[in-house]
Amino acid sequence: MSTLFDVSEMLKQARGEARLSQDALASRAGVSRSTVVRMETMAKGDMSVSALVRLLEAAGYDLKLVKAGHER
């Protein structure tokens, strides 16, 4: 099972692979840069799913569920 920390690391990786700055990703997703920072650092210890989906889509990714024990 992934933790929120794992998810924040995946978001950072997705942004890096898309070669986007935090500002550029925020702009594409229609959120503030502080939202990107908060999501990547887990500053508040929680994560908005709607913001996460928007950020991943802006980096060119989809959020998908995978049954535990199954790798894609």
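Which residues does Leu 25 touch, leaving aside those up to four places away in sequence? Please bear in mind that what we see is a predicted model. Leu 25 is found in helix α2, and its contacts are Leu 11, Arg 15, Leu 20, Val 36, Leu 55, Ala 58 and Ala 59. Its relative accessibility is 0%, so Leu 25 counts as buried. With regard to Glu 57, which is 32 residues away along the chain, the C-alpha atoms of Leu 25 and Glu 57 are separated by 9.6 Å.

Helix α3 covers residues 33-41 and helix α4 residues 49-58; their axes come within 11 Å and cross at roughly 100 degrees. An angle of 65 to 115 degrees counts as roughly perpendicular, and α3 and α4 are therefore roughly perpendicular to each other. On the α3 side, the contact is made by Thr 35, Val 36 and Met 39, which meet Ala 51, Leu 52 and Leu 55 of α4. Sorted by class, this contact comprises 5 nonpolar residues, 1 polar residue and no charged ones.

Within α3, the buried residues are Thr 35, Val 36, Arg 38, Met 39 and Glu 40. Their cover includes α1 (4-17), α2 (22-29) and α4. After α3 comes Met 42, with a positive phi near 55 degrees.

I come now to charged pairs. Side chains of opposite charge can pair when their charged atoms come close. How many salt bridges does a search of the whole structure find? The search finds 3.

One of these salt bridges joins the side chains of Glu 40 and Arg 15, at 2.6 Å from N to O. This pair links distant parts of the chain, since Glu 40 belongs to helix α3 and Arg 15 to helix α1, 25 residues apart. Glu 40 counts as buried because its relative accessibility is 3%, and Arg 15 is likewise buried, with a relative accessible area of 17%.

Arg 33 and Asp 23 form a salt bridge at 3.5 Å, N to O. Arg 33 lies in helix α3 and Asp 23 in helix α2, so the pair ties together parts 10 residues apart in sequence. Arg 33, at 42% relative accessibility, counts as partly exposed, as does Asp 23 at 48%.

Finally, Lys 12 and Glu 9 meet in a salt bridge at 2.8 Å, N to O. Both lie in helix α1, 3 residues apart, about one turn of the helix.

How values were computed:
Residues are numbered from 1 along each chain as its sequence is written. This is a predicted model: local features need pLDDT of at least 70, side-chain atom pairs count only at pLDDT 80 or more; totals for chains, interfaces and linings use all residues. Side-chain values use heavy atoms; hydrogens and water are left out. Axes are lines fitted to C-alpha atoms, for helices over the stretch in contact, and angles run from 0 to 180 degrees between N-to-C directions. Helices (H or I, at least four residues) and strands (E, at least two) are DSSP runs, numbered from the N terminus. Angles under 35 degrees count as roughly parallel, over 145 as roughly antiparallel, 65 to 115 as roughly perpendicular and the rest as oblique. Contact means heavy atoms within 4.5 Å. Ala, Val, Leu, Ile, Met, Phe, Trp, Tyr, Cys and Pro count as nonpolar, Asp, Glu, Lys and Arg as charged, and the others, Gly among them, as polar. Buried means under 20% relative accessible area, exposed over 50%, partly exposed in between (1.4 Å probe, protein chains only). A salt bridge is a side-chain nitrogen of Lys or Arg within 4 Å of a carboxyl oxygen of Asp or Glu.
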